[in-house]
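Thanks, everyone; I would like to take a few minutes to walk through one model with you.

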Amino acid sequence: MSLPEVVTREQWRAAREELLVKEKAVIRAREALSAERRRLPMVEVDKEYVFEGGDGKATLLDLFDGREQLVVHHFMFAPEWEGGCRNCSAFLDQVGHLAHLHARGTSFVAVSRAPFTRILPFKARMGWTLPWYSSYETDFNQDFEVTVEQDDGSLAERPGISCFLREHDRVFHTYSAYEGVLDEVGSTGSLLDLTALGREGAKREPVRYHDEYDG
């Protein structure tokens with residue numbers, strides 16, 4: 001791979017200012033796209049799903065942990081695999097401290113089709129503390145199109161993210177995206193951009209050190 005051209009400081013600044021115009025256009029387009037995403041209609045989830053996590057059985061409503069929004073990372077981990085997907089693992093490695101999402105009324109969890117008995121040792125190996133649930137023996141992965149049936153009848157996994165909104169005990173599916181979208185998200189702000197309430201979240205909490213948020 002060839003290296004960039006060597007120029008004077010003045011030439012670099014001129015080129016940088018020209019690129020800045022394009023960068024600002026991309027930012028405006030991204031903000032417009034996020035606003036359009038927030039205007040998407042939503043679908044009520046009336047099917048019962050029972051997940052298994054560190055505290056035992058949990059429903060989709062339980063995954064909110066009392067917050068208004070939920071972001072689910074569909075982590076590729078089939079029941080017969082010995083370990084989780086490497087790309088999904090790299091994605092989880094870059095997710096920041098969840099206190100910043102929680103302070104904005106948004107929970108984040110990983111969900112995989114593997115039994116929890118397989119998830120638990122792999123989670124310990126990776127050193128992750130974020131909530132991770134098994135959807136084993138449920139239709140959750142198939143319903144949200146991250147486990148898909150192949151032409152030969154076998155099942156294949158694909159990564160994705162799904163967002164949900166809670167109104168009292170009613171749960172609504174607001175957004176899903178697959179595969180390449182994970183290359184563009186990972187930070188608190190980028191995850192909130194996928195949700196129905198956006199960066200404001202359920203609460204307009206100022207940014208603090210992660211150990212300074214109430215609760």
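Predicted model: local features only at pLDDT ≥ 70, side-chain atom pairs only at ≥ 80, totals over all residues.

When the whole structure is searched, one cavity of 30 Å³ or more is found, where a cavity is a set of points, on a 1 Å grid over the protein atoms alone, at which a 1.4 Å probe fits but cannot get out. The volume of the largest cavity is about 40 Å³, a volume being the space filled by probe spheres set on the points, with grid points joined across faces, edges and corners. Residues are numbered from 1 along each chain as its sequence is written, and side-chain values use heavy atoms, with hydrogens and water left out.

Which residues line the largest cavity? They are Arg 37, Arg 38, Leu 40, Pro 41, Thr 174, Tyr 175, Leu 194, Thr 195 and Ala 196, lining residues being those with an atom within 4 Å of a point. Five of the lining residues are nonpolar, two are polar and two are charged; here Ala, Val, Leu, Ile, Met, Phe, Trp, Tyr, Cys and Pro count as nonpolar, Asp, Glu, Lys and Arg as charged, and the others, Gly among them, as polar. Helix H1 and strand S10 each supply at least two residues of this lining, and I use helix (H or I, at least four residues) and strand (E, at least two) for DSSP runs numbered from the N terminus.

Let me follow H1 itself. Covering residues 9-38, H1 has 30 residues and reaches 42 Å from its first C-alpha to its last, close to the 44 Å expected at 1.5 Å a residue, the expected span being 1.5 Å times one less than the number of residues. Ser 34, Ala 35 and Arg 37 of H1 are buried, which is to say under 20% relative accessible area, whereas exposed is over 50% and partly exposed lies in between, with a 1.4 Å probe and protein chains only. Strand S10, residues 170-178, is included in what covers the buried residues of H1.

S9 and S10 run antiparallel and are joined by eight bridges, two strands being paired if DSSP finds at least two bridges between them, and Leu 165 has Phe 172 in S10 as its bridge partner. The hairpin of S9 and S10 has two residues between the strands, and there His 168 takes a positive phi near 60°. Strand S9, residues 160-167, is largely enclosed by the rest of the structure, because six of its eight residues are buried.

On to S4, which is joined to S9 by six bridges in an antiparallel arrangement, with His 74 opposite Gly 160 in S9. S4, residues 69-74, also pairs with S5, in the parallel sense and over six bridges, and there Val 72 has Val 109 as its partner.

How many of the residues of S5 are buried? Seven of the seven residues in S5, 106-112, are buried: Thr 106, Phe 108, Ala 110 and Ser 112 point one way from the strand, while Ser 107, Val 109 and Val 111 point the other way. S5 is in turn joined by three bridges to S6, residues 132-134, the two running parallel, and Val 111 stands opposite Tyr 133 in S6.

Finally, some loop residues. Asp 65, in the loop between helix H2 (60-63) and S4, has a positive phi of about 55° although it is not a glycine, and Asp 65 is exposed, with a relative accessible area of 55%. Glu 137, in the loop between S6 and helix H6 (140-143), likewise has a positive phi, near 65°, in a residue other than glycine, and at 73% relative accessibility Glu 137 counts as exposed. Gly 105, by contrast, lies in the loop between helix H4 (99-102) and S5 and is buried, with a relative accessible area of 5%.

As for the protein chain as a whole, there are seven helices and ten strands, and buried residues make up 42% of its 215 residues.

Definitions and conventions:
Contact = heavy atoms within 4.5 Å. 1 Å grid on protein atoms, 1.4 Å probe; cavity = no way out; pocket = protein on both sides within 12 Å on 5 of 7 lines; lining within 4 Å.
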